[in-house]
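Subject: Structure handover

Hello,

Here is the structure I said I would pass on.

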Amino acid sequence: MKASKYLCLLLAILFSCAEKETKIIWVYPYPLNSELYPNAEAGIFFLTQDNEEIDYSKWKRQSESFEIKGFKFEEGYFYKLKVEYEVDQPFQKFKLKSILQKQKDWIGSIKGAWQNISIPEQPYFPIFIRIQKLSRTLETYGGCFKGITGMGEVGERKIQLAHTYYRLEADKICLGQSPIQEGGFSFVQSTTYYQLTTEGFLEFFDDKENLLARLQPSE
């Protein structure tokens, strides 16, 4: 009996003395049931990244067994967490030490399909866009071109669009028949701010608050 007690005590000491470390992780705002192009495969799993500063384009898919003990997830927020883990255990089980930042994602307010309308004294090129909330992408359609670009931070007014398309398709037959029109998708590279007007328009602005595009719902 005494030996058994000593053994239990020894095991308790060994487990309590397991080497533990802490690190900073970010948690994606939505459990994902689709592909996050091109950053993560499909699956109903959490996405995380090990970074001091958030990188909207780099996420790691976690498995169904992923857990942060003591953390209550609220959908629609990016979380910056300090977590504890045991060095000799796989990185699937964390313990929450503190929530360092909870950042609201406003992309839900502008998701959906939009079509641009003409702006006085600016060349008009018909454009359709679709903003996907879960995958954080902006798809563009217009003329002979179709493209898709990633989206970074979407705040109450601030918005980040990637400077390059992940995928850009052009219909060569269409290009042979139709000259490239002035205007196009230049707003993608220049947009810094956005707003939803009382009339229901979505407007994009550059860093000097110059209006780049005005869109209306297309559905």
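The notes below go from the chain as a whole to single residues and pairs.

Overall picture

Please keep in mind that this is a predicted model. The protein chain has 219 residues, and buried residues make up 37% of them. Its secondary structure comes to 3 helices and 15 strands. Among the contacts with a separation of 6 or more, 53% are between residues 24 or more positions apart. The chain has an accessible surface of about 13200 Å², and carbon and sulfur atoms account for 52% of that area.

Salt bridges

The search of the whole structure returned 9 salt bridges.

Lys23 and Asp50 form a salt bridge in which the closest N and O atoms are 2.9 Å apart. This pair links distant parts of the chain, with Lys23 in strand β1 (residues 20-27) and Asp50 in the loop between β2 and β3, 27 residues apart. Lys23 has a relative accessibility of 15% and therefore counts as buried, whereas Asp50, at 47%, is partly exposed.

Glu84 and Lys97 meet through their side chains in a salt bridge, at 3.9 Å from N to O. Glu84 belongs to strand β5 and Lys97 to strand β6, and the two are 13 residues apart. Glu84 is buried because its relative accessible area, 17%, falls under the 20% limit. Lys97 is partly exposed, with a value of 47%.

Glu209 and Arg157 make a salt bridge at 3.1 Å, N to O. Glu209 is in the loop between β14 (202-205) and β15 (211-217), and Arg157 is in the loop between β10 (145-154) and β11 (159-161), so this pair ties together parts that are 52 residues apart in sequence. Both residues count as partly exposed, Glu209 at 40% relative accessibility and Arg157 at 31%.

Arg157 also lies over the face of Phe205, 5.5 Å from the ring centre. A charge over a ring is found again at Lys104, whose charged end sits over the ring of Trp106 at 4.9 Å from its centre.

Around Glu84 and Lys95

Strand β5, where Glu84 lies, covers residues 77-86. What does Glu84 touch, leaving aside its neighbours within four places in sequence? The contacts are Lys20, Glu21, Thr22, Lys93, Phe94, Lys95 and Lys97.

Lys95 lies in strand β6, which covers residues 93-104. Lys95 is partly exposed, with a relative accessible area of 45%. Not counting residues up to four places away in sequence, Lys95 touches Ile68, Lys69, Lys82, Val83 and Glu84. From C-alpha to C-alpha, Lys95 and Ile68 are 5.2 Å apart in space, although they are 27 residues apart in sequence.

Aromatic residues

The count of aromatic pairs comes to 12. In one of them, the rings of Phe71 and Phe73 have their centres 6.4 Å apart and their planes at 65°; an angle over 60 degrees counts as edge-to-face, so that is how this pair is classed. Phe71 is buried at 16% relative accessible area, while Phe73, at 22%, counts as partly exposed. The rings of Tyr85 and Phe94 are also edge-to-face, with centres 6.1 Å apart and planes at 75°. Tyr85 is buried, with a relative accessible area of 11%, and Phe94 is buried too, at 6%.

Gln49

Gln49 is found in strand β2 (residues 47-49). Beyond four places in sequence, Gln49 touches Ile24, Ile25, Trp26, Ile54, Asp55, Lys58 and Trp59.

Regards

Methods. Residues numbered from 1 in each chain as written. Predicted model: local features only at pLDDT ≥ 70, side-chain atom pairs only at ≥ 80, totals over all residues. Heavy atoms only, no water. Helix = DSSP H or I, 4+ residues; strand = E, 2+ residues; numbered from the N terminus. Contact = heavy atoms within 4.5 Å. Phe/Tyr/Trp six-rings, centres within 6.5 Å; stacked < 30°, edge-to-face > 60°. Buried < 20%, exposed > 50% of the residue type's maximum accessible area, 1.4 Å probe, protein only. Lys NZ or Arg CZ within 6 Å of the ring centre and 35° of its normal. Areas by Shrake-Rupley, 256 points an atom, 1.4 Å probe, with all protein chains shown as cover. Salt bridge = Lys/Arg side-chain N within 4 Å of Asp/Glu carboxyl O.
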